[in-house]
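User: I would like to learn how to read a structure feature by feature. Could we begin with aromatic rings and go on from there?

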Amino acid sequence: MLKPQLALVMVLAGGLAACSETATLQVSDGTGPSPKLPEPNKTLIPTVNTAPAIGWPEGTRPTAAGGTQVAAFAEGLDHPRWLYVLPNGDVLVAETNSPPKPDDGKGIFGWVMGKVMGRAGAGVPSPNRITLLRDKDHDGIAETRTVFLENLNSPFGMTLVGKDLYVADTDRLVRFPYQSGQTSITAQPTKVVDLPGGTLNHHWTKNVIASKDGSKLYVTVGSNSNVGENGLEQEEGRAAIWEVDRATGQHRIFASGLRNPNGMAWEPQSGQLWTAVNERDEIGSDLVPDYITSVKDGAFYGWPYSYFGQHVDARVTPQNPALVAKAIAPDYAVGPHTASLGLTFAEGSTLPAPFTQGAFIGQHGSWNRKPHSGYKVIFVPFSAGKPSGQPIDVLTGFLTEDKKAMGRPVGVVIDQQGRLLVADDVGNKVWRVSAAP
């Protein structure tokens, strides 16, 4: 019998591709408030089904939903992953990628996963900067581009409170002074709080959002493993959303058991914090659905011991039945292995119905599912502050017919003119979705 590490090498080379398992359910079966959750299918050879990154051929673009149109807001960027709109309409783009994390890539398995992520477009060095884009004439194309901040450490989330701009690097939350209209900042950062990082830094992205009154900051910190296989001592402070006091930097765990939370947004009707979360891998193409959920203060969402409530993951040792008993199910599944990262609500959007009340979600796309899932932007309708229907495709066409990735959507945000902006870190573009004429 082949050892799993050797088997993965052969899969990568195409030698055992036919042996990998395939989905028995549709992505739609793993979607909604009550997704289908079949028995785990842990195989000798984990499913490795990457979509090789090729970029957009000249003159091509994603396919926009009926009643909308898509065009490039900015092109020629370097791995743009996250977006933030300043009050004056300027758009900040985090051009970023994984930091060096040598202890996360040790051994044959780590080497193989590095190759897998490289094929998927995630193997480029991090530019470590934030770029400012300005569309002064509001024609839908950014005519001004400047390096806004540089020499950062795998930056991701950004938020402005008054004249303080906060940036979530992979290992710390920092603050910069900001004046409206600035096209660059040269001031040195002030550290607010250290974040879990280091040489073992499995889920490296850190996002930040401010409370409505600006007194608190909420920071996402992903897990340091798939399901705790690096030792639970490596998960201290991880798989959680932190609440940070803006004045003192003191923090507490606001919610835990969230394997890899990324996008965060305030739901406009309820005022509640929502997040988009990547769930675990390697128990089959149909498990486990990623999700969006409201975030309850003090709640535990299962990771690593259970998923979607109290479905126990037998791979985790030691088990923790008492904590599983407290695990709550998330609000809404968005399909297995879709890598749902970006999240923003339609508040302020000028897109037509049905995209007027609900959440836009950027789905970066799968590597652990056959066939592929994600690789698109979807919209989940909301009513009375809760999801109220099946997802609707907003942007599709990121994969070619032979399943190569021309682009991979990540961050999503509504700009000052009410259009949807989408960061595409394989296509190296920011797409603009607007109402069709």
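User: Which residues do ring pairs link into a cluster?

Analyst: Please keep in mind throughout that this is a predicted model. The general idea is that a pair of aromatic rings is described by the distance of the centres and the angle of the planes. In this structure, ring pairs link Trp56, Phe398 and Trp431 into a cluster.

User: How many aromatic pairs are there by this rule, and what does one that is edge-to-face look like in numbers?

Analyst: The count comes to 14 aromatic pairs. One of them is formed by Tyr218 and Phe254, whose rings lie 5.1 Å centre to centre with 70° between the planes, and this arrangement is edge-to-face. The pair links distant parts of the chain, since Tyr218 belongs to strand β13 and Phe254 to strand β15, 36 residues apart. Tyr218 counts as buried at 7% relative accessibility, and Phe254 counts as buried at 9%. A further edge-to-face pair is made by Phe355 and Phe379, at 5.4 Å centre to centre and 85° between the planes. Here Phe355 lies in the loop between β22 and β23, while Phe379 lies in strand β24, 24 residues apart, and both Phe355 and Phe379 are buried.

User: Which strand lies between β13 and β15 in the pairing, and how is β14 joined to each of them?

Analyst: To read such an arrangement, one looks at the bridges and at the direction of the strands. β13 is joined to β14 by 6 bridges and the two run antiparallel, and β14 is in turn joined to β15 by 5 bridges, again antiparallel. Individual positions can be followed across these strands: Val219 stands opposite Trp242 in β14, whereas Glu243 has Arg252 in β15 as its bridge partner. In the hairpin of β14 and β15, 5 residues separate the strands, and Gly249 takes a positive phi near 80°.

User: Is β14 buried or exposed, and what can be said of its faces?

Analyst: Of the 6 residues of β14, 6 are buried, so this strand is largely enclosed by the rest of the structure. Both faces are covered, with Ala240, Trp242 and Val244 buried on one side and Ile241, Glu243 and Asp245 buried on the other.

User: How should I read a sheet, for example the one with 4 strands, and in what order do they come?

Analyst: The 4 strands form an open sheet in the order β3-β29-β28-β27, with antiparallel pairing. Because β3 (68-74) and β27 (409-414) stand at the edges, each with a single partner strand, one side of each is left without a neighbour in the sheet. From one strand to the next the twist averages 25°. The pairing of β27 with β28 (residues 420-424) runs over 4 antiparallel bridges, and within it Val413 has Leu421 as its bridge partner.

User: Which residues have the most contacts inside the largest nonpolar core?

Analyst: The general idea is that in soluble globular proteins, nonpolar side chains tend to be buried together. In this model the largest nonpolar core has 23 residues, and those with the most contacts inside it are Phe360, Val394 and Leu420. At least two residues of this core come from each of β3, β24, β26, β27, β28 and β29. Setting aside neighbours within four places in sequence, Phe360 is in contact with residues including Phe355, Phe379, Val394, Val412, Ile414 and Leu420. Another core, of 21 residues, lies apart from this one, and among its members are Ala94, Met158, Val167 and Leu341.

User: Where does Thr338 lie, and is Thr338 buried or exposed?

Analyst: Thr338 lies in the loop between β21 (332-336) and β22 (340-345). The cut-off for buried is under 20% relative accessible area, and at 1% relative accessibility Thr338 therefore counts as buried.

Definitions and conventions:
Residues are numbered from 1 along each chain as its sequence is written. Side-chain values use heavy atoms; hydrogens and water are left out. Two strands pair if DSSP finds at least two bridges between them. Axes are lines fitted to C-alpha atoms, for helices over the stretch in contact, and angles run from 0 to 180 degrees between N-to-C directions. Buried means under 20% relative accessible area, exposed over 50%, partly exposed in between (1.4 Å probe, protein chains only). Rings of Phe, Tyr and Trp (its six-membered ring) pair if their centres lie within 6.5 Å; planes under 30 degrees apart count as stacked, over 60 as edge-to-face and the rest as tilted. A nonpolar core is a set of buried Ala, Val, Leu, Ile, Met, Phe, Trp, Tyr and Cys residues joined through side-chain atoms within 4.5 Å. Contact means heavy atoms within 4.5 Å.
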